[in-house]
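I opened this notebook to keep track of what I looked up, residue by residue and then for the chain as a whole. Each entry below records one look at the structure.

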Amino acid sequence: RLRDRLRPFVLRRLKKDVAKELPPRTDVVLRCSLQEKERNVYDAVRAATHQQLVSQLSSGSFNVISALEALLRLRQAACHSGLLPQQTADCSSKIELLLEKLHEVISSGHKALVFSQWTQFLNRIEPHFKSKGISFVRLDGSTRDRKAVVKTFQSPDGPHVFLSSLKTGGTGLNLTEADHVFLMDPWWNPAVEEQAADRAHRIGQTK
């Protein structure tokens with residue numbers, strides 16, 4: 001009923017309706033296994049947080065924030081052990097897989113977007129790009145000139161990778177020079193991931 005009432009006043013066109021020439025988007029889930037050291041850290045975090053939450057439930061002092069923090073720590077442990085307090089690591093299984101896939105993308109003449117919700121994770125990815133000679137630009141909350149970063153990437157001879165935080169670069173940008181998007185970690189709201197992936201899947205994309 002609401003749609004019927006709004007129809008005379010609101011025109012909502014979907015991308016599939018106005019850009020029929022736009023190639024369909026293909027989504028692929030890349031899976032990787034934690035290395036033994038990473039698994040040990042993950043299991044230790046899981047055991048500690050589980051014990052803490054059970055204790056809170058038993059005493060009647062349970063709160064949702066504690067559960068969300070426990071999930072956050074586990075998500076960080078799954079991405080890179082170095083994201084956890086008092087933990088250090090040079091690399092992670094996810095970064096190794098990313099580098100492998102980026103090598104395939106770049107060697108075949110394509111560009112890619114790489115998103116993470118954590119700038120600390122971007123900080124740990126960036127040195128590996130430099131050591132592997134992967135050209136890139138970066139956009140996060142500390143970037144002063146967003147337009148310059150986008151313009152540099154969008155030039156045909158620009159960098160191969162656009163490294164960005166999910167919240168800063170996930171909306172409002174046209175990055176059609178890229179035709180691959182890597183989401184390094186899932187966000188609480190899948191719609192945010194959709195927006196980020198659609199930075200490349202926009203009118204003007206031909207690949």
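**Entry on Ser165.** I began with Ser165, which counts as buried because its relative accessibility is 4%, and I kept in mind from the start that this is a predicted model. I then looked up its place in the fold and found Ser165 in strand β3, which covers residues 161-165. Leaving aside neighbours within four places in sequence, I listed the contacts of Ser165 as Phe115, Ser116, Thr119, Leu122, Leu139, Asp140, Gly141 and Gly170.

**Entry on Leu122.** From that list I went on to Leu122, which lies in helix α6, residues 119-132. Is Leu122 buried or exposed? Its relative accessibility is 0%, and Leu122 therefore counts as buried. Residues up to four places away in sequence not counted, I noted that Leu122 touches Ser116, Arg138, Leu163, Ser164 and Ser165. I also checked a distance from this residue: Leu122 and Ile134 are 12 residues apart in sequence, and their C-alpha atoms are 14 Å apart in space.

**Entry on Thr168.** Next I turned to Thr168, which I found in helix α8, a helix of residues 166-169. Thr168 has a relative accessibility of 17%, and it counts as buried because the cut-off for that class is under 20%. With residues up to four places away in sequence left out, Thr168 touches Leu139, Asp140, Gly141 and Arg146; I noted that Leu139, Asp140 and Gly141 are also among the contacts of Ser165. Between Thr168 and Gln117, which stand 51 residues apart in sequence, I read a C-alpha to C-alpha distance of 9.2 Å.

**Entry on α3 and α4.** I then looked at how helix α3 (residues 36-59) packs with helix α4 (residues 64-79), and noted an angle of about 175 degrees with the axes 10 Å apart. Since angles over 145 degrees count as roughly antiparallel, α3 and α4 are therefore roughly antiparallel to each other. On the α3 side I listed Tyr42, Val45, Arg46, Thr49, Leu53 and Gln56, and these meet Ser66, Ala67, Ala70, Arg73, Leu74, Ala77 and Ala78 in α4.

**Entry on the whole chain.** Last, I stepped back to the chain, in which I counted 9 helices and 4 strands, running α-α-α-α-α-β-α-β-α-β-α-β-α from the N terminus on. The C-alpha atoms fill a box of roughly 55 × 55 × 35 Å along the principal axes. Of the 207 residues, 39% are buried, and the accessible surface comes to about 13100 Å², with 52% of it belonging to carbon and sulfur atoms. Among contacts between residues at least 6 apart in sequence, I noted that 72% join residues at least 24 apart. For the charges, I recorded 31 positive and 22 negative, with mean positions 8 Å apart.

Methods
Residues numbered from 1 in each chain as written. Predicted model: local features only at pLDDT ≥ 70, side-chain atom pairs only at ≥ 80, totals over all residues. Heavy atoms only, no water. Helix = DSSP H or I, 4+ residues; strand = E, 2+ residues; numbered from the N terminus. Buried < 20%, exposed > 50% of the residue type's maximum accessible area, 1.4 Å probe, protein only. Contact = heavy atoms within 4.5 Å. Areas by Shrake-Rupley, 256 points an atom, 1.4 Å probe, with all protein chains shown as cover. Lys, Arg positive; Asp, Glu negative; His and termini not counted. Charge placed at Lys NZ, Arg CZ, Asp CG, Glu CD. Axes fitted to C-alpha atoms, helices over the stretch in contact; angles between N-to-C directions. Parallel < 35°, antiparallel > 145°, perpendicular 65-115°, else oblique.
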